[in-house]
Structures are given as structure tokens and as C-alpha cells.
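I want to go through it piece by piece and jot down what I look up.

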Amino acid sequence: MSGLVRTAHKVLQTCVKNSSLAAGIVSRTQVPVKRDFTRGIWHMSCSKKMDSTSSSSILLHNHSNTCSCGCGLKALHTKDKQNENTASTKPLGERELVEFLTEEIVAERKSQKVKTLPTEVDGFAVKGDGAEVTLTKQMKDEIVRITFNVNHTVDTEDFADDTQPEKQEFSEMHSKPQFEVDLVRGDTTLGFTCSFLQEPPSTNAEEYNDIFGIDEVTLHKGEWNDKVYAVAGDVLDGYLYDLLMNLLEEKGVSNEFVQKLADFSTAYEHTAYINLLEGISKFTIGK
């Protein structure tokens, strides 16, 4: 009897360990990670093709019916025999990368809200150069120029419901970059460095709720350099700070415009991300 008891005890311990491990895996998949809202789609589609003990090599051998060569690249390769032979001789890691990028690009394009980027945002002409964006508007005696960079500006919103983790879904991603506002008159520039406020606006109707703030103010002639003096926004006189915010609003940089700037930045960054994925895919394939 003692031997049976010990055996049953070991079986129970093994079940507990396995159940705790499975719970740990589930909990990790619920943590919001950047870009996982599309990567999760790829993993779920792959899970239908293989069980939990399958290796990545099995996925490549169980390739799409559209591909007859067994390379696992689906329809990415061309009909040219030389390209097909080159693709089939790719290392396993590169073939897995191309397989993932194919699914990822499709998922990202499906989730893309803005298919064509606008050339104007609330009266400001748009010019993109890689990750950097410039918005320009000509006024009577000055130019209002806004510049920002979309690199490392994306983050997810908080989950809407934290009480039911099993029903949580990955939130949308938004780009809220720090941006420069230059008021240019002749060879003199009054410059502002602004950023989105981290804390949500107050619900008090008597307060004016700004979604962005002034980080720094500077004034210089010609091109800016490190010798130009700048003052931080949080050490400015409170009344002066409010007057400068009013000045920006008069130039078109209001709460409403900054929200549109964030929406455009989000669409621009998403497009840049998809272009990056496509570039990596082409680089891996060797085109």
C-alpha cells in the first residue's frame, strides 16, 4: 500500500507542476507587448497546423498547397527556376523568418486604418523623410514649422478591463512623439519643444485641459546650435507659460491640432513599420 501511495503522490505532483506551467504560459501571452497584436494572429494560425510538441521544422514541411517545392515559402518565390533553387537552399532560420514576415505583413495591412497618408494636416503641408516628418504653414509674416521623429514613439493603451484577463485583447498602438514648433520671422526663430502630457486631462469643466505641454523655449538667429540659450518650460513663470501656450494656439498648434498630429504620426509610423517588414523580407529572400 505504501508503494501505491508514493506512486499516486508522484503522479499528483507531476500534474500540479504541469498545470502550473500551463498557467504560466497563458499568463505570459496576456501581457501586452509591442506588435504582439499581430504576432499573436500568426501564432494562432500556426497553432491550428501543429500541436504543442511540434517543432518549427514541421511547420515548414507542412507547407501551403500553393507551393510544390517544399521550401515553405508559400507563394513568395517566382516561377523562375533559378530563384526557386536559391530559395530552397536558404538556411532554415531564413526560411522561418520569411514565413513569419509573410503572415505579419498581411496582418499589419489588414489592421492599417489609413491606407494613403494625407499630404496636408489641418492646413500644414506634410513632408516625410524617413522617420522624420515636417509640417509647414505659411502665415502673413512668418512660417510655422513643426518637426518630429516617429522612432521609438509607439506605445499601447491600457487594457479597458483588467478584471477579466481571459477576455482581454491587445490594444491599439499610438504614436505620440515629442515635436518642435518653430515660428520663423526672417532670420530669427522662436522655438518650442513640446511633448504629450502623460497624465490624462482633468474632468473639471473649469480647468483648461491641455493634452501637450512646453518642455523648452529658445530664441536664435540663423541655424540653431549648442551655444543657443534655452529655458525649461517647468521653470517659466506660470502666467508667461500660459501666454506662450496661447501664442501657440493662435498659430494653429491647439489641442485639436496636436491630436490630429498624433493620429497622423500613428499612421505614418505604421506605414514605416510595414515598409520595414517588407524590406527585411526582400533582403532575406535575396531580391
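First I need a term: a residue is buried if its relative accessible area is under 20%, exposed if over 50%, and partly exposed in between, using a 1.4 Å probe and protein chains only. I also note that helices (H or I, at least four residues) and strands (E, at least two) are DSSP runs, numbered from the N terminus.

**Ground rules**

This is a predicted model, where local features need pLDDT of at least 70, side-chain atom pairs count only at pLDDT 80 or more, and totals for chains, interfaces and linings use all residues. Residues are numbered from 1 along each chain as its sequence is written, and side-chain values use heavy atoms, with hydrogens and water left out.

**The whole chain**

I looked up the inventory: the protein chain has seven helices and 10 strands. Of its 287 residues, 32% are buried. For contacts (heavy atoms within 4.5 Å) I keep one definition throughout. Among the contacts with a separation of 6 or more, 58% link residues 24 or more positions apart.

Next I checked pLDDT, the predictor's confidence in each residue, from 0 to 100. The protein chain averages 75, and 60% of the residues score at least 70. Residues 1-12 have a pLDDT below 50, and this stretch has zero contacts in the model beyond near neighbours in sequence. Residues 14-84 also stay under 50, but there the model has 76 contacts beyond four places in sequence.

**Helix α5**

How far apart are the end C-alpha atoms of α5? The helix covers residues 92-111, and those atoms are 29 Å apart, which agrees with the 28 Å that its 20 residues should span at 1.5 Å a residue. The expected span is 1.5 Å times one less than the number of residues.

I listed the buried residues of α5: Arg-95, Val-98, Glu-99, Phe-100, Leu-101, Glu-104, Ile-105, Ala-107 and Glu-108.

**Helix α6**

Then I moved to α6, residues 238-250. Its 13 residues reach 19 Å from the first C-alpha to the last, close to the expected 18 Å. Which residues of α6 are buried? I found Tyr-241, Leu-244, Met-245 and Leu-248. They sit on the same side of α6 because they cover an arc of only 100 degrees around the axis. That arc is taken from the directions from the helix axis to the C-beta atoms. Tyr-239 and Glu-250 are exposed, on the face turned away from the buried side.

What covers the buried residues of α6 includes β7 (179-185), β8 (188-196) and β9 (212-221). At the start of α6, a side-chain oxygen of Asp-237 comes to within 2.9 Å of the backbone nitrogen of Tyr-239. Just after the helix, Gly-252 has a positive phi of about 105 degrees.

Lys-251 is in the loop between α6 and α7. With 12% relative accessibility, Lys-251 counts as buried. Not counting residues up to four places away in sequence, Lys-251 touches several residues, including Phe-124, Glu-142 and Arg-185.

**Aromatic pairs**

I searched the whole structure and got four aromatic pairs. Rings of Phe, Tyr and Trp (its six-membered ring) pair if their centres lie within 6.5 Å; planes under 30 degrees apart are stacked, over 60 edge-to-face, and the rest tilted.

Phe-179 and Phe-196 make an edge-to-face pair, 6.1 Å centre to centre with 70 degrees between the planes. Phe-179 lies in β7 and Phe-196 in β8, so the pair ties together parts that are 17 residues apart in sequence. Both are buried, and together with Phe-212 they form one aromatic cluster.

Phe-264 and Tyr-268 have ring centres 5.9 Å apart and planes at 35 degrees, so this pair is tilted. Both lie in α7 (residues 255-285), four residues apart, about one turn of the helix. Phe-264 is buried with a relative accessible area of 5%, and Tyr-268 is buried with 11%.

Asp-122 is not a glycine, yet has a positive phi of about 50 degrees. I placed it in the loop between β1 (120-121) and β2 (124-129), partly exposed at 44% relative accessibility. His-152 has a positive phi near 55 degrees. It is found in the loop between β4 (143-149) and β5 (154-156). Is His-152 buried or exposed? I noted it as exposed, with a relative accessible area of 83%.

Notes:
A polar contact is a pair of N or O atoms within 3.5 Å; within protein, one must be able to donate a hydrogen and the other to accept it, and residues adjacent in sequence count only if both atoms are side-chain atoms.
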